[in-house]
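User: I have a structure to go through and I'm new to it. Can you take my questions as they come?

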Amino acid sequence: MSLKALWRGLADTGRLMVGVPSYQAYCAHMAEAHPDRPVLSATAFFRDRQQARYGGRGGGRCC
Amino acid sequence: MRSANRIGWGVVALIGAGALGVIANARGEAINAVWVVIAALCVYLIAYRFYARYLARIVGIDPARPTPAMRHPDGLDFVATDRRVLFGHHFAAIAGAGPLVGPVLAAQMGYLPGMLWILAGVVLAGAVQDFMVLFLSMRRDGRSLGEMIRLEMGAVPGTIALFGAFMIMIIILAVLALIVVRALAGSPWGLFTVAATIPLAVLMGVYTRWIRPGRVGEVSLLGFVGLILAIVYGRDVAASATLAPWFTYSPVALCWILIGYGAIASLLPVWLLLAPRDYLSTFLKIGAIATLAIGIVVVAPPLRMPALTAFVDGSGPVWSGSLFPFLFITIACGAVSGFHALIASGTTPKLIASEGDARFIGYGAMLMESFVAIMALVGASIIDPGVYFAMNSPAAVVGTDAASAAVAVTAMGFPITPETIATTARDVGETTIISRAGGAPTLAVGMAHIFSAVVGGRAMMAFWYHFAILFEALFILTAVDAGTRAGRFMLQDLIGLAVPSFRNATSFLPGLIGTGLCVAAWGFFLYQGVTDPLGGVNTLWPLFGISNQMLAAVALVLATVVLFRMKRQRYAWVTILPAIWLVLCTVTASLLKLFASDPRVGFLAHANRFADAAARGQMLAPAKTLAEMRRIVLNDRIDAILCALFLAVVASIIGYGIRTCLIARRSDAPSVIEIPAWPAPAE
C-alpha cells in the first residue's frame, strides 16, 4: 500500500469514527445510480451527516 | 489447515500458556504487567481464529449474500465500507468509560479474578453477543435491537426491552456523571481544564459550521492544542489565590452544575457543542488508549497489587459483596456489555460491505475493547495498593485527611504512611487524593506513572494526571450530552405508545418534556449517589452492572431465538450458555441487593437500618437531620424497586424467549424474517 493510500485510509477512518462517511463515495454513488438527482454540496453533506449522527434517534455510543 | 499454519498457532498457544503459567505460579512476588498483556493477546488471537470462525460457520455467514449497504446504497446511511475503516468506527462507538472504570473497581479483589473474567467473558459471552447482534441486524436491513425483538419475538417483549434499555441509559448517565463529580470535586486544576473544553468546543463548532465546514481533522488538531494549553494553564489557576476558588466546588454543588449543564447542552444545536466535543473526545480516547498500550509495553511495570486480596469474601471498602456474583457485574464492559447490542444494531450493520466482515468487526472490535479493560486493570494494579485503597474507599471508612487514611488503609493490610499519601497528591498536583472513588482518578494516577516514566519524569506527573482526568471527563460529558438526547427519544417512543403525537421528533413541547424528564431521572440518581453514605459508587455501579448484563442476556436470548427459528438449534448452546451464566449472575446479584441482611449490600436492610434509627430519633452519619435520614431510606427503597424492575424485565424476556423457541422447534421449516439472499432489484 502506498503512503498516500494509507493516509487516505486513516483520514477516512477518523472521519467515520465521528459519523462522517466518504464524500467522494457519496458523489460516485450519486453519479452512478442517480445521475438525474441533485447532489449535496460538500458542506451540505457534512451538515446532513452531523445532524444524522447527533440529532436523531439512536445517537449511538457506549458507556 | 496447512502444517506451517498449524505450527504457527501452536506457538501462539504455547506462548499464551507460558504467560498464564508465569501469572499462575507467582507466589507472593510481583509479576510484570507484560505477562498479563501477552497472555491476553494470545487468548484473543486464538479465540478470533478458532471460536469466532466457528461462530461464523454455524450461523451461515455467506460473503455472496448482499448486505444492507449493497441492497439499497444511498451514500449516506447505507455505504459499503472498507472493513478496516468500519472497524475503527465500530470500536470508537463501543469503547467508552465502561472498560476503564469496571476493572479499576474490581482490582480491590486483586488483579487475578478481574483478569480471568475479562478474558473468559469476552471470548465466550461479550464478543459472541456483539457478533451475533451485528449478524442479526445485518440480515434485517440494519434494524435496531428493539425492532428485532418485536419482529422475532412479538410486540410485548419488544416494548419491555425498550423500557429496559431506557432504564439502563438513566443509570449509565447517573453513574458516569458521578465519576466526573468524584474526580473534579475540590480540584480547581481538573475543573478548569474540563470547563475550558466548553468554550473551546463552541469555537470549534463555529469553525466547522461557517469558517471551514467539514474540516474535522483540522479543527480537532486546533482543539487539541487548546486542550494542552488548558492543562498547562490549569496549574496556574489552581495555584492562584484569586482564580482557584472560582473552580473549587463541593461534590453537591458540582452535581447541580452537571444537572444544569446536561439540561442546557442537550437542547443546544448539535453542531455547536456536542459534535465538536465528540471529535475531541473520540480522537483523544483512541490516542490515549494507543499511548497507554505502548507505555505499558515500554515501561513494563510490575504489578504491585496482590493477585488476590482478602476482599474476595465481600468485605472490600470500594464496593461490597462477594466475588460471585458481584465481580461479574462490576466488570461489565470489557467482558460483556449489553449496551453493545444497541451499537451493533445501530449504524455499523448499515455500513458493512460483506457478510464475511462481520467476524472482524463484531467479534474483533469487542476483543479490542477487552484489551482496553485489561490495560485499565494493569493501570490500577501497578500503583501502590495503599494508594489504591486510600483513593477508592469512602470517607466513612478512611476519614478525610492523610493521617486517618493511612491508619485505616494500613489496618486493611496495605501498609502506607501519611507521607506517601500526601506525596502522591502533591505529585499529581492535587490537594488530596483520598476518597476519589469511581475509577477515573485511580486510573489517572496509574496512567501518570506510566506516561511520566516515558516522558518528563516526576516533574511531568501532574500534567499527565490531569491529561488522563481530562480525557476521561471529556468523553463522559460527551456521553452525558448524547445520552440525554438518546434517552429523550427513547422516552418519547415509550410515551408515544400511549399518546402517539408524543413521538414527533421535531415538535418542541414533547422534546422539552422528554429532555426534562430524562435529566430529572439521571439527576435524581446522581444526587443520590453524591450524597450516599456508602460513597455512591457502591450503590450505583452494581445497579449499572446488573442492568447492563441483563441487557446482554436479553440480546443473547434474541440470538438464541433466531438460531432456533433458523433451525440451527443444535448450535444454540453458543448463546444459551453465556445467557444462562449472565442470568445466574444478575439474578443472584439483584436478589442479594434486594434481600441481603448486610446493610452494605442489601438496599432494604440499609433502608431498615436508617428507618429504625430514625424511629428512635437517632442520627446515622452522614445524615444530620431527620429529613436527611428519611431521604436515605426513600433512596434505598427506590433502588430496590429499580432492582425488582430489572428482574421483571429479564424474567419476562426469558419467558417469551423460551416460548418462541418451543414454537420454532415444532415448525419444520425455518421461520426467521431475513432480507432475501439475492440482490434487490435496482430502484
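Analyst: Go ahead. Keep in mind that the model is predicted. One place to begin is the start of H4(B), where a side-chain oxygen of B:Asp82 comes to within 2.9 Å of the backbone nitrogen of B:Arg84.

User: What are the end C-alpha atoms of that helix doing, how far apart are they?

Analyst: They are 16 Å apart. Helix H4 of chain B covers residues 83-94, and at 1.5 Å a residue its twelve residues should span 16 Å, so the two values agree.

User: Is H4(B) mostly covered or mostly uncovered?

Analyst: Mostly covered, with ten of the twelve residues buried.

User: Which residues of H4(B) are the buried ones?

Analyst: B:Val85, B:Leu86, B:Phe87, B:Gly88, B:His89, B:His90, B:Phe91, B:Ala92, B:Ala93 and B:Ile94.

User: Switching to the two chains. How many residues of chain A are in contact with chain B?

Analyst: 30 residues of chain A are in contact with 52 residues of chain B. Between them the chains bury about 3,300 Å², and 64% of that is on carbon and sulfur atoms.

User: How many salt bridges does the rule find across the interface?

Analyst: Two. A:Arg49 forms a salt bridge with B:Asp77, and the closest N and O atoms there are 2.8 Å apart. Eight residue pairs across the interface are in polar contact.

User: Which helices of chain A supply residues to that side?

Analyst: Helix H1 (3-17), helix H2 (23-33) and helix H3 (42-54) of chain A each supply at least two residues. H3(A) gives the most to the side that touches chain B, with ten residues.

User: And how do the residues on that side of chain A divide?

Analyst: Into eleven nonpolar, eleven polar and eight charged.

User: New topic, B:Arg436. Where is its place?

Analyst: B:Arg436 is in the loop between helix H20 (418-427) and helix H21 (440-454) of chain B.

User: Buried or exposed?

Analyst: B:Arg436 is buried, since its relative accessible area is 4% and the cut-off for buried is under 20%.

User: What does the side chain of B:Arg436 reach at 3.0 Å?

Analyst: The backbone oxygen of B:Ala185.

Note on methods. Residues numbered from 1 in each chain as written. Chains lettered and ligands numbered in written order. Predicted model: local features only at pLDDT ≥ 70, side-chain atom pairs only at ≥ 80, totals over all residues. Heavy atoms only, no water. Helix = DSSP H or I, 4+ residues; strand = E, 2+ residues; numbered from the N terminus. Expected span 1.5 Å × (residues − 1). Buried < 20%, exposed > 50% of the residue type's maximum accessible area, 1.4 Å probe, protein only. Polar contact = N/O pair within 3.5 Å; in protein donor to acceptor, adjacent residues only side chain to side chain. Contact = heavy atoms within 4.5 Å. Buried area = accessible area lost by both parts, 1.4 Å probe. Salt bridge = Lys/Arg side-chain N within 4 Å of Asp/Glu carboxyl O. Nonpolar A, V, L, I, M, F, W, Y, C, P; charged D, E, K, R; others polar.
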